[in-house]
Amino acid sequence: MTTQQLIEQIRFKKSFLCIGLDVDLTKIPTHLLDTEDPIFEFNKAIIDATHDLCVSYKPNTAFYEAYGIKGWQSLQKTIEYINKNHPDIFTIADAKRGDIGNTSTMYAKAFLEDLNFDSVTVAPYMGKDSVEPFLAFENKHTILLALTSNEGAFDFQTRKVDETELYKTVIETSKTWKNAENLMYVVGATKAEYFTEIRKIIPNSFLLVPGVGAQGGSLHEVCKYGMNENVGLLINSSRGIIYASNGTDFAQKAREEALKMQQEMESILHNTNS
């Protein structure tokens with residue numbers, strides 16, 4: 001999917017919601033545990049209930065890898081279901097990979113070619129030769145961890161090196177890499193005050209923003225400081241939507257929570273454009 005196609009979907013759906021499909025078998029409705037593939041059945045129901053309200057789905061691959069080959073098969077079935085039935089949806093493999101040379105190339109092939117995700121999250125610590133193999137795939141996107149929403153982010157990311165915060169150096173340096181136009185960035189919603197500085201460096205890039213809702217981030221604050229003329233934001237919500245209920249009504253309750261976010265986003269877009 002091209003960036004322009006993603007922008008068109010945001011305008012059409014009046015939404016920039018990304019739903020995280022982080023499936024924990026201890027949290028899903030118990031009646032699904034009797035099915036052949038509980039993870040896929042859960043995801044399918046969530047997707048069927050919410051696909052018109054969001055522009056992106058983001059499975060965190062750890063929640064699938066934890067269940068071995070069966071989990072990986074559930075992930076494959078999930079991405080195939082989205083690509084077949086909702087090709088307008090932007091898909092993110094939240095894998096946070098990062099290695100050098102041929103290893104990165106193989107990771108990229110796994111997620112962007114074999115599984116056919118539109119994008120994959122990548123850790124930048126090992127530098128350009130760990131990221132450029134991901135950037136080589138046409139019409140695919142690499143989402144770089146820039147400033148995350150966890151407590152440990154302050155261990156390194158905001159530390160100053162030569163009077164500049166490390167996260168700023170990472171973002172600035174990444175702009176020089178080959179095919180950098182295919183980069184997006186993870187920026188946590190719990191650090192809304194940093195968005196102004198980040199937009200000075202990458203005014204036109206898309207930002208994947210976790211941390212709204214369960215982690216306490218404010219959608220309005222993120223939009224105030226982080227939105228650009230093409231919106232430029234994908235706001236992720238996982239637990240607040242997919243675990244809105246653990247009963248047989250879980251999909252309907254997930255839709256209700258997704259609708260709340262979509263309507264809030266529509267209001268923000270209307271006020272921004274008026």
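Predicted model: local features only at pLDDT ≥ 70, side-chain atom pairs only at ≥ 80, totals over all residues.
1. Numbering runs from 1 along each chain as its sequence is written, and side-chain values use heavy atoms, with hydrogens and water left out.

2. Helix α5 covers residues 101-114, and its 14 residues reach 19 Å from first C-alpha to last, close to the 20 Å expected at 1.5 Å a residue. Just after α5, N116 takes a positive phi of about 65°.

3. A108 turns up again among the buried residues of α5, along with S104, F111 and L112 (buried means under 20% relative accessible area, with a 1.4 Å probe and protein chains only). These buried residues pack against α4 (68-85), β3 (90-97), β4 (119-122) and α6 (128-135).

4. Now the other pair: α2 (residues 38-50) and α12 (residues 250-273) pack at about 45°, with axes 9 Å apart. They are therefore oblique to each other (angles under 35 degrees count as roughly parallel, over 145 as roughly antiparallel, 65 to 115 as roughly perpendicular and the rest as oblique). The crossing is right-handed.

5. On the α2 side, F42, A45, I46, A49 and T50 meet F250, A251, A254, R255 and A258 of α12 (contact means heavy atoms within 4.5 Å). T50 is buried, at 0% relative accessible area. Leaving aside neighbours within four places in sequence, T50 also touches I19 and Y57, besides A254, R255 and A258.

Technical notes:
Helix = DSSP H or I, 4+ residues; strand = E, 2+ residues; numbered from the N terminus. Expected span 1.5 Å × (residues − 1). Buried < 20%, exposed > 50% of the residue type's maximum accessible area, 1.4 Å probe, protein only. Axes fitted to C-alpha atoms, helices over the stretch in contact; angles between N-to-C directions. Left-handed = near helix turned anticlockwise from the far one by under 90°.
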